[in-house]
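Open the viewer and get ready to select residues by number. Each stop on this tour tells you what to pick and what to look for.

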Amino acid sequence: MHRRRDLGGIVFVDLRDREGIVQVALGPAWAEPDVIATAHEIGAENVVVVEGTVAERPEKARNPDMATGDIEVQASSFRVVGPADTPAIPVWRTKGEPPPSEEHRLEHRHLDLRRPEMQRNLELRHRLLQRARRSMSDMGFYEIETPILTRPTPEGARDYLVPSRVNPGQFFALPQSPQMYKQVLMACGMDRYFQIARCFRDEDLRADRQPEFTQIDIEASFVSASDVHRTVESVLVDLWEEGGQVIEAPFPTMSHADAMERYGTDKPDLRYGLTIEDLGAELSGRGFAAFDQAIEEGGRIRGIRVEGGAVLSRKQLDVLATEARKAGAGGLATLKRKDDQLSGPLARLDGMAIENCGLDEGGLLLVAAGADQLTSVVLDRVRLGLIDLLQPTPRTDHAFTWIDEFPLFEATKDGTGWQPAHHPFTAPREEDAERLRAGEVAGLRSQHYDVVYNGNELGSGSIRIVDPELQLCVLEAIGMGREEASRRFGFLLRALRSGAPPHGGFALGFDRITMLLAGADNLRDVIAFPKTTAARALFEDTPTAVSQDELRELGIRVLHE
C-alpha cells in the first residue's frame with residue numbers, strides 16, 4: 001500500500017511492488033461497500049491482495065508521468081494480508097525531503113530496501129551477476145565453488161576465525177580470497193575457473209570496504225598477463241553494457257612507477273590532466289630552506305601546474321594546504337600568475353620572475369618537497385582537491401587503465417623486514433627471478449597488475465609462481481622458514497610439486513563495480529544487508545554475545561581486560 005486518496009464514494013489506492021506502482025480504484029460500480037470500507041481504513045505499507053479488472057483510465061485521468069498511467073485496476077476484492085505498523089522511516093520521500101540518517105536506514109533495513117532506488121540497485125546487481133556468469137561461461141570457464149571453512153592464511157588482513165567444536169582448540173578461517181584453491185584447481189587440470197566468491201577480511205573499514213564482500217574470481221592455465229587482461233576486459237565490457245554504457249577495449253597500460261611519478265597514486269583518475277612534475281631544476285638553490293633541505297636529505301621538489309588555477313581564492317588554497325598537511329606535509333607552497341603579476345610564497349624566491357616562472361597567464365603552481373613516499377601521497381590528495389574545486393570538464397567519461405610492474409616486496413611498517421606488496425603467490429618478473437633465488441629482495445618487480453577506472457581500483461591479479469622452490473624463496477624473503485611454510489601452505493606446495501601448468505588470474509571487486517554502475521555513493525547502497533564502518537550489522541544487531549554454555553562447548557573462554 002503506497003498511498004490512498006479518498007474522493008467521496010471512490011477510493012484510489014496506489015499499490016507498489018518491485019516492478020513499480022499501479023493505481024487501484026474502488027467504487028460502488030464494481031466493489032461492495034465492505035470492500036470500499038476496508039480500503040478507507042488502511043494506511044501505508046500494509047500488504048494487500050487485490051482482485052479486479054484492468055481497465056483504461058478515462059482520458060482526463062491519465063498520468064503521463066507514470067509507467068502504468070494509462071490504466072487502473074478496478075478492484076472487486078481488497079484484502080489485508082500483512083498488516084503494518086506506522087513505518088519508522090519513510091519509504092517514499094517527496095522531492096527535496098532529506099533522507100533519514102544512514103544509521104537509521106540500516107537499523108530499519110527492511111523498510112529502506114522498499115525504496116525504489118534501493119530496489120533498482122539490487123535489480124542491477126542481479127543482472128550484473130548473471131551477465132558475468134554468462135560472459136565467463138561463453139569463454140569456456142567452469143564455475144567451481146571453493147570452501148568457505150578453510151585454514152588461516154596471511155593475505156594482508158586478519159582472518160575471521162571459526163572454532164571447531166569437534167576438534168577442540170582448533171579453528172577454521174573464513175577465506176580472504178579463494179587464492180590457493182584456484183591455483184590448486186589449475187594443478188588439477190581444470191584449465192579455466194571462475195567463481196562469484198564471497199570473501200571475508202577483518203580489517204579497518206572505509207566507505208568502499210566491507211568485512212564480507214563479493215568478487216568475480218578468475219584463474220586460467222597457460223596464459224600470459226596480456227591473456228588475462230583480454231579476458232578481464234571482455235567481462236568489463238559486458239558488465240558496462242549491462243549497466244547501459246558503452247566502453248571500448250583494449251585498455252591502455254601504465255607502469256606502477258610511471259603512475260606514482262605522474263599522479264602520486266597507483267589508481268589515478270585519468271579523466272583529468274593535472275600531472276605531477278619534478279621541479280628540482282627550477283626551484284632548488286633559490287633560497288627556500290624547506291626545498292633545499294629536502295634535496296640535501298635525498299628528497300625532491302615536486303608540484304602540479306594548474307592552467308587557469310589562479311581563479312582559486314585564498315580560502316580555497318587554504319583547503320588544499322589543509323589536505324596537504326593531513327597527508328603529512330609541513331605545508332603547500334604556491335605561486336600564482338595573474339594580470340602578469342606573481343603572488344604567493346614562491347614569488348619571493350631568488351630570481352623568480354615572469355620570464356622563468358614556467359606559468360602561463362592565469363596559471364597556478366602547487367609545490368611540495370620531501371621523500372617521494374611523502375610527496376606522492378600529498379600531491380595525490382592535492383590533485384583530487386583541485387578536481388573537486390575546479391570541476392574541470394573530463395576528457396572522457398570512462399578512463400580505464402592497466403597498472404603493471406608493481407614491486408614484488410615492500411618494507412614492513414617498522415622497517416625491519418619485508419612483506420609481499422600484494423600476496424606471496426605472485427611471480428617475479430622473469431628477469432628478476434634469478435635475483436630472488438640469489439637472496440635479493442629490494443627492487444624486485446612482480447607480474448602483478450591492477451585495472452583502474454576513473455580513479456577506482458576495480459581489481460587485481462597476477463601471474464602465479466609454479467616452481468615450488470621459487471615459492472619457498474618468496475616465503476623465506478618475508479621471514480617464513482620452510483617448516484612454517486610447509487605447515488601453512490603445505491597443500492599448495494604439494495600441488496605444485498605434482499606438476500602445475502603456468503597460470504594466472506584476477507579478482508574483480510563486484511560490489512564496487514555495482515556501486516559505480518548504479519551511481520551510488522557507497523557500497524552499502526548496493527548490498528542488501530551491509531555492515532557499518534564499525535563492522536556492525538545494525539538491522540540484525542550483530543556481532544553479539546553468546547551464552548557461556550555455547551562457549552564451553554567450543555572450549556573458548558572470553559577474557560575481559
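A residue is called buried when its relative accessible area is under 20%, exposed when that area is over 50%, and partly exposed in between. Keep those cut-offs at hand. One more point before you start: this model is predicted.

**Stop 1: a stacked ring pair**

Select F251 and F400. How far apart are the centres of their rings, and at what angle are their planes? The centres are 4.4 Å apart and the planes meet at 15 degrees, so this pair is stacked. Now trace the chain between the two. F251 sits in the loop between α6 (225-242) and β11 (253-255). F400 belongs to strand β17 (residues 400-404).

Is F251 buried or exposed? Its relative accessible area is 6%, so F251 is buried. F400, at 5%, is buried too.

**Stop 2**

The structure holds 11 aromatic pairs. For another of them, select Y181 and F491. This pair is tilted, with 5.5 Å from centre to centre and 35 degrees between the planes. Y181 is in helix α5 (residues 179-187), while F491 is in helix α14 (residues 482-497). Here 310 residues separate the partners, and again the pair links distant parts of the chain.

Y181 has 22% relative accessibility, so it counts as partly exposed. F491 has a relative accessible area of 23% and is partly exposed as well.

**Stop 3: one face of a helix**

Go to helix α12 (residues 430-437). Which of its residues are buried? They are D432, A433 and L436. Turn the view until you look down the axis of α12. The buried residues fall within an arc of 125 degrees, so they line one face of the helix. Next, show β18 (409-411) and α13 (468-477). The buried residues of α12 pack against both. Then step past the helix to G439, which follows α12 and has a positive phi, near 100 degrees.

**Stop 4: a patch on the surface**

Switch to a surface view and select V47, V49 and V81. Together they form a nonpolar patch with about 200 Å² of accessible area. V81 lies in strand β5 (residues 71-82). With 44% relative accessibility, V81 counts as partly exposed.

Technical notes:
Residues are numbered from 1 along each chain as its sequence is written. This is a predicted model: local features need pLDDT of at least 70, side-chain atom pairs count only at pLDDT 80 or more; totals for chains, interfaces and linings use all residues. Side-chain values use heavy atoms; hydrogens and water are left out. Patches are made of residues with over 30% relative accessible area and no salt bridge: like charges are joined within 9 Å, nonpolar side chains (Val, Leu, Ile, Met, Phe, Trp, Tyr) within 5 Å. Accessible areas come from the Shrake-Rupley method with a 1.4 Å probe; for residues, only the protein chains shown count as cover. A salt bridge is a side-chain nitrogen of Lys or Arg within 4 Å of a carboxyl oxygen of Asp or Glu. Helices (H or I, at least four residues) and strands (E, at least two) are DSSP runs, numbered from the N terminus. Buried means under 20% relative accessible area, exposed over 50%, partly exposed in between (1.4 Å probe, protein chains only). Rings of Phe, Tyr and Trp (its six-membered ring) pair if their centres lie within 6.5 Å; planes under 30 degrees apart count as stacked, over 60 as edge-to-face and the rest as tilted. The arc is that of the directions from the helix axis to the C-beta atoms. Contact means heavy atoms within 4.5 Å.
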